[in-house]
Amino acid sequence: MIQLYTGLALYGASSALLVESGLGLEPWNVLHQGLAELTGLTIGVVSIVVGAAVLLLWIPLRQRPGLGTVSNVFVVGIAMDATLAALPEVHGLTVSVPLMLAGVLLNGVATGLYIAARFGPGPRDGLMTGLHRRTGRSIRLMRTAIEVAVVVSGFALGGTIGVGTLFYALSIGPLAQFFLRVFAVPPASDGSTVVATGQPRGAILRP
């Protein structure tokens with residue numbers, strides 16, 4: 001439980017670092033930022049609303065949420081807004097670039113923490129794996145299709161795409177895989193219904 005909530009909180013904080021760097025966001029936060037610009041809500045609140053909406057799509061896909069799934073919807077958005085409120089305004093590449101690098105690294109750590117806790121994938125990851133099962137298409141194809149769609153939509157709404165987006169795309173896979181091994185815990189043996197098992201080990205999952 002400590003590992004799960006630490007990972008989710010750090011994920012929100014890492015996303016805030018990428019927002020503050022101004023050099024580009026991870027795919028889903030490009031969409032969240034674009035919607036935040038459109039609605040006037042904070043990016044964290046938009047993340048919560050979008051996460052809840054995506055979770056509703058699990059119903060026709062017959063996905064089973066875990067404690068980590070539901071917690072993901074709220075904790076990441078709250079942590080993101082809290083971190084953004086605490087960070088000072090950034091000026092110049094000498095600060096923006098290290099902030100971007102720290103955000104990507106911390107995101108890898110957070111991903112490893114929360115997934116290795118084995119309390120269920122995030123709502124967006126469940127959408128990917130659910131579509132994989134329903135369509136028979138590969139995880140890679142489903143993930144690519146979803147993330148291209150959200151990036152294009154987010155950019156059209158005013159979300160930030162930049163070198164940080166590209167660096168994130170190239171780095172998060174190896175980082176997440178490394179930290180998944182670092183933070184791996186034994187699977188639950190009590191048959192708990194809050195632990196969602198059977199997720200593809202080859203998929204790099206994110207909130």
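**A walk through an all-helix model**

Hi everyone, let me start with how the chain is connected: of the contacts (heavy atoms within 4.5 Å) between residues at least 6 apart in sequence, 83% join residues at least 24 apart. Before going on, a word on the source: this is a predicted model, where local features need pLDDT of at least 70 and side-chain atom pairs count only at pLDDT 80 or more, while totals for chains, interfaces and linings use all residues. Residues are numbered from 1 along each chain as its sequence is written, and side-chain values use heavy atoms, with hydrogens and water left out.

Now the overall layout. The protein chain has nine helices and zero strands; these are DSSP runs numbered from the N terminus, H or I with at least four residues for helices and E with at least two for strands. Read from the N terminus, the order is α-α-α-α-α-α-α-α-α. Of the 207 residues, 51% are buried, where buried means under 20% relative accessible area, exposed over 50% and partly exposed in between, with a 1.4 Å probe and protein chains only. The accessible surface is about 9900 Å², and 69% of that belongs to carbon and sulfur atoms; the areas come from the Shrake-Rupley method with a 1.4 Å probe, and for residues only the protein chains shown count as cover.

Let's begin at helix H1, residues 2-21. Its 20 residues reach 28 Å from first C-alpha to last, close to the 28 Å expected at 1.5 Å a residue; the expected span is 1.5 Å times one less than the number of residues. H1 is largely enclosed by the rest of the structure, because 15 of its 20 residues are buried. Just after H1, Gly-22 takes a positive phi of about 75°.

Ser-47 sits in helix H3, residues 43-56, and counts as buried at 5% relative accessibility. Which residues does Ser-47 touch, not counting those up to four places away in sequence? They are His-32, Gly-77, Met-80 and Arg-124. Arg-124 also lies over the face of Trp-28, at 5.3 Å from the ring centre; for this, CZ of Arg or NZ of Lys must be within 6 Å of the ring centre and within 35 degrees of the ring normal.

The other serine, Ser-96, is in helix H6, residues 93-116. Ser-96 is buried as well, with a relative accessible area of 7%. Its side chain reaches the backbone oxygen of Ser-21 at 3.2 Å. Leaving out residues up to four places away in sequence, Ser-96 touches Ser-21, Leu-23 and Val-90.

Finally, the aromatic rings. How many aromatic pairs does a search of the whole structure find? It finds two, with rings of Phe, Tyr and Trp (its six-membered ring) pairing if their centres lie within 6.5 Å, and planes under 30 degrees apart called stacked, over 60 edge-to-face and the rest tilted. Phe-178 and Phe-179 are edge-to-face, 5.0 Å centre to centre with 75° between the planes. Phe-179 and Phe-183 are stacked, at 6.0 Å and 15°. Phe-179 is buried at 13%, while Phe-178 is partly exposed at 49% and Phe-183 is partly exposed at 23%. Together, Phe-178, Phe-179 and Phe-183 form one aromatic cluster.

How values were computed:
Polar contact = N/O pair within 3.5 Å; in protein donor to acceptor, adjacent residues only side chain to side chain.
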